[in-house]
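Subject: Handover of a structure

Dear colleague,

Please find below the structure that I am passing on to you.

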Amino acid sequence: QVQLVESGGGLVQAGDSLRLSCAASGRAFSRHAMGWFRQAPGKEREIVGAISGTGGATYYADSVKGRATISRDNAKNMVYLQMNRLKPEDTAVYYCAARRDFSGTSYYTAEYVYDYWGQGTQVTVSS
């Protein structure tokens, strides 16, 4: 069982940066691929990015590519999403998710394959 708690959201202005954090409890954190998703009002939840268990492989959605960086610290059971040059369209609730992956080398982009989800953190970008 893995429990995830996101933090770091808030109200920022367009062009600002923000770092979201996700703290994971449970064992074998490095054997879980992690993903960041977001859901804007009236829209479906979408992938923002994903990272493999070892941190060696990452994926970014086109909408954030070049502006976002996912990283993880397996010693601290933490995963981060650094977002730069934020835009109003980045406004959403951001969720982290975990999927068991014993290889440690894969990331996953499909929402339905994730086993555990956090409660989300709101990010609001004003223009």
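The notes below describe what was found, beginning with the conventions.

The model is predicted, and local features therefore need pLDDT of at least 70, side-chain atom pairs count only at pLDDT 80 or more, and totals for chains, interfaces and linings use all residues. Residues are numbered from 1 along each chain as its sequence is written, and side-chain values use heavy atoms, with hydrogens and water left out.

The sheet

Strands are DSSP runs (E, at least two residues) numbered from the N terminus, and two strands pair if DSSP finds at least two bridges between them. Four strands form an open sheet in the order S1-S3-S8-S7, with antiparallel pairing. Its edges are S1 (3-7) and S7 (68-73), each of which pairs on one side only. From one strand to the next, the twist averages 15° (axes are lines fitted to C-alpha atoms, and angles run from 0 to 180 degrees between N-to-C directions).

Going across the sheet, S1 pairs with S3 (residues 18-25) in the antiparallel sense over five bridges, and Leu4 has Ala24 of S3 as its bridge partner. S3 is joined to S8 by six bridges, again antiparallel, with Arg19 opposite Gln82 in S8. S7 and S8 also run antiparallel and are joined by six bridges; here Ala68 is partnered by Met83 of S8. The hairpin of S7 and S8 has four residues between the strands, and Asn77 takes a positive phi near 55° there.

The disulfide

The whole structure holds one disulfide, a pair of cysteine sulfur atoms within 2.5 Å. The disulfide joins Cys22 to Cys96, with 2.0 Å from S to S. Cys22 lies in S3 and Cys96 in S9 (residues 92-100), so that the link connects distant parts of the chain, 74 residues apart. The link of Cys22 and Cys96 is right-handed, with 50° about the S-S bond. Cys22 is buried, at 0% relative accessibility, and Cys96 is buried at 0% as well.

Rings and charges

Rings of Phe, Tyr and Trp (its six-membered ring) pair if their centres lie within 6.5 Å; planes under 30 degrees apart count as stacked, over 60 as edge-to-face and the rest as tilted. By this rule there are four aromatic pairs. One of them is the edge-to-face pair of Phe37 and Tyr114, at 5.3 Å centre to centre and 80° between the planes.

A charge sits over a ring if NZ of Lys or CZ of Arg is within 6 Å of the ring centre and within 35 degrees of the ring normal. The charged end of Arg19 sits over the ring of Tyr80, 4.1 Å from its centre, and that of Arg72 over the ring of Phe29, 4.4 Å from its centre.

The cores

A nonpolar core is a set of buried Ala, Val, Leu, Ile, Met, Phe, Trp, Tyr and Cys residues joined through side-chain atoms within 4.5 Å. The largest has 29 residues, and Leu4, Met34, Trp36, Leu81 and Tyr94 have the most contacts inside it. A second, separate core has eight residues, among them Ala33, Ile47, Ala97 and Val113.

With kind regards

Note on methods. Buried < 20%, exposed > 50% of the residue type's maximum accessible area, 1.4 Å probe, protein only.
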